[in-house]
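Hi,

Here is the structure I said I would pass on. Have a look at it first, and then read my notes below.

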There are 2 protein chains.
Amino acid sequence: MESAIPAHLRCPRTRPARASETYEPPYPAWVARLRPQVKQVVMAYFGVQCREPGEAPAAFSALKKITGHFHEPSGPPHHDLAMYVDEAGFTTYVAIAYWESAEDFQAWAGQSSMNAWWQSEDRLSDGLGYFKEVFCPRASHFETLFSTLDRFEGAALMAESLSGEIQEHGYWGAARDRLPASQYEAMESSGTPSVDAAAPRPGSRVRVKSHDNVALIRSGQEWTETAGKERQLYLSEVEPILLQGMQFLRDKGGTIGCYFNRYMVHVNGEGIPIEKSFGMSCWKSLEHLERWAESHPTHIAIFGTFMRVVQEMNFDLRLRLYHEVSVARADEQVFEYINCHPKTGLLRAASDS
Amino acid sequence: MESAIPAHLRCPRTRPARASETYEPPYPAWVARLRPQVKQVVMAYFGVQCREPGEAPAAFSALKKITGHFHEPSGPPHHDLAMYVDEAGFTTYVAIAYWESAEDFQAWAGQSSMNAWWQSEDRLSDGLGYFKEVFCPRASHFETLFSTLDRFEGAALMAESLSGEIQEHGYWGAARDRLPASQYEAMESSGTPSVDAAAPRPGSRVRVKSHDNVALIRSGQEWTETAGKERQLYLSEVEPILLQGMQFLRDKGGTIGCYFNRYMVHVNGEGIPIEKSFGMSCWKSLEHLERWAESHPTHIAIFGTFMRVVQEMNFDLRLRLYHEVSVARADEQVFEYINCHPKTGLLRAASDS
C-alpha cells in the first residue's frame, strides 16, 4: 500500500488527510505516476458544434482538420475523440489533447499552421461553432484514479508508470487527499467567470476569464469487455441512472456550482461511437464538486446503483473505471468560443453573472 | 448561521473542518446547546434481556424496578425506555438514563438502593440477563443534530437551549466537524475490548475493558406526526431499508469495526411500542463509523432512499430526525454484563479478540 501522492510531491501535512494512516480501502485502486519532471499537465479541449444533426459530418470533418495539426512539431503525444449533445441540443465533437509540459503546448500553439485557419473570418460564417478550453494544472493540483491496472485513459496516457495499490480511495474526500496540494492548502475559490472585455473580439469570438481554483473532473467508464449479466446490468441499470445524473448537471448544475457538464462518448477516427464514455465537468471549486458527489440525490443514485451491481457481480467486474481531477488557477485556464451559442461551456456562467 | 461548536469550546483549528467557511448547507439543521458548565455527559444504558418472548413481561418488570431507582437523590433528570430483539433473538428492554455531570452520576450510582439488588446472587439465577453500559464523553467529544427545532430527544433533553441554524451538516464528515475536539485532534483509536480479568467476577458477572476513542451514535426518527403519502413512504420504503442496514450492522458489523448495533423502538411506561425508533451503535472509532455511513451499500441504500422520499415530499416532512454522537476515552466507559448471553453488547467483541 502506498500513498497516491508521489514521493517527490510529499511534504509534512499542515492539513490532515481525511483518512487516518491506518485506514484500509475496501477494494484496490491505482493511480498514474507522471515523470517527476512533469510540472504542469495540459489538457486542451477543442470542440466543434453544429445545430442540426445533418451538419454532424461537417463538424466532425472540421474536428479532423484540427487534429491533423496535432502532428506538427511539439504536438500533443496523445488525444481522444468524443462527441456529445449539449444542453441546447447542439451536436458537438471534441478532441482532447494532452501535453506533459506547458512549454510544449505553447510551442505548438504558437507555431501551428492551424492558427491562420482558426483565426480566419471564415470560422464566423461557415455555420459551425468552435471552441478551445485549455487547463494547465500543476502536478501538485492533479490526480488520477483507476479501477484496473492494465490500461490508462486521458492524461494518464502520458504517465511513466502505474502506482502500487494506493491508500487514499474508497471514501468521500479521497480525491482531495490524493491531490498533493491538499497537504497544505484548502483550494477554496471565489469570483465568477466573466466575458473578457480586454480580449480581442472580432465578430463573435469570445474569451471568458475564469478564476482561481476552478475544478475539473473527467470520469469515465469502458464497457467493451463486459458480457452476460454484467453487461446487462450496466446497460439497463447503471448507465440510465448515470445519464440522469449527467443530465441534471448539464441542465441544472449551475444551481450547485457546476459551470458545465458534458456526458461524452468516445468516437473512433470515423466518428463512430465506441463503448467508452465519460462525464467531463467544470466546477466553481473542488468543494462544490465534492458536495454534489457525496450528497446530491442524482449522484447518490449513481453511486448506490453501482455499488448494488458490484455486489451482485461479487466484485468481479470487467467494467473499467477511471477519473482525473484537477484544480487550476485563473492563469492556467483559457476559454475561447467562436460562433458558439451563448450557453456553450463557460459562456453560460459568464453571461449568468 | 452559526457553528455547531459552542462558543466556549471554540479554539483556533490545527485541523481544518472539512467544509470551508463559505459552505452553505442545503437545508437547515440545529444542535442542542448544553450549559457551558457541563463538562461531561453521562449516558447509562441499563438492559434486561430474556430468551423467550414469554419472559418479556418479567424483563420489563425488572427494568421498571431499575427505573424506579432513578427517582432517588442525584438520579438522572431524564430517561428513555426502549426495546429490541438482539442478534441472538433475545428480547431486550433498555432504560437510557442521562446525567449532565459525572459527579451526579457517581453520587447516584454510589448510594442508590438499587445496588444491593443489582449485586445480589439472585440476578444470576432469576432467568434474566442484566447489563449496564455507561458512556461519559466530555462535552468536547459530544455533538447532536436535529432536523426540527421544536422538540429534543436523548441527551439533548438536558440542553439549555437550541442553536440557530448551524453550518456543519449536509456533508460526510460533518459529525466530526461538529465535535469540538475535531478542531485539534484526530480521535484515532487502537486496541480491542477485552474481558476485564481484574474486575470482580463472581458467577457470570463480567466487566469488559474498552479502549480510547470508541465512538457511539444514537440516531433516531419519530413518525408519530406523519400522515398520508409521507407516512406511507416512510413505512413502506424508508423503514424497511433502514431495518436492513440495522440488521447488517447487528449481525455483520464486526467485520467493519462496529462492536454492536441495536435498532430499538421506544416503549411507553407499560412497555407498549410507540412510533419512535433509533439505532444505537458502538464503534471501534469515529472513522469506522464514518466509513460505514458514507460508503457501505447498506447505508447508501438508507441515505439514497431517504433522499428520494424527501424529494418526493418536496422537502416538506413531518418525520422528525435527530442523532447524538460521542467519542469516549477508555476511562469514560463502563460495560458490565450479568448472566447475559456471550454475544451481548461489547461481550462479543471482547470474546472475538
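Let's start with A:Trp117, which has 17% relative accessibility and therefore counts as buried, the cut-off being under 20%. Keep in mind that this is a predicted model. You'll find A:Trp117 in helix α3 of chain A, which covers residues 114-119. Which residues does A:Trp117 touch, leaving aside those up to four places away in sequence? They are A:Ala62, A:Lys65, A:Ile66, A:Arg123 and A:Tyr130. As for A:Ala95, it is 22 residues from A:Trp117 along the chain, and their C-alpha atoms are 17 Å apart.

Next, hop over to chain B and find strand β10, residues 214-222. Eight of its nine residues are buried, so the strand is largely enclosed by the rest of the structure. Strand β10 of chain B pairs in the antiparallel sense with strand β13 (residues 320-328) of chain B, over nine bridges. In that pairing, B:Leu216 sits opposite B:Ser326. Strand β10 of chain B also pairs with β12 (residues 273-283) of chain B, again in the antiparallel sense, this time over eight bridges. There, B:Arg218 has B:Met280 as its bridge partner.

Finally, how do the two chains relate?

Cheers

Notes:
Residues numbered from 1 in each chain as written. Chains lettered and ligands numbered in written order. Predicted model: local features only at pLDDT ≥ 70, side-chain atom pairs only at ≥ 80, totals over all residues. Heavy atoms only, no water. Buried < 20%, exposed > 50% of the residue type's maximum accessible area, 1.4 Å probe, protein only. Helix = DSSP H or I, 4+ residues; strand = E, 2+ residues; numbered from the N terminus. Pairing = 2+ DSSP bridges. Contact = heavy atoms within 4.5 Å.
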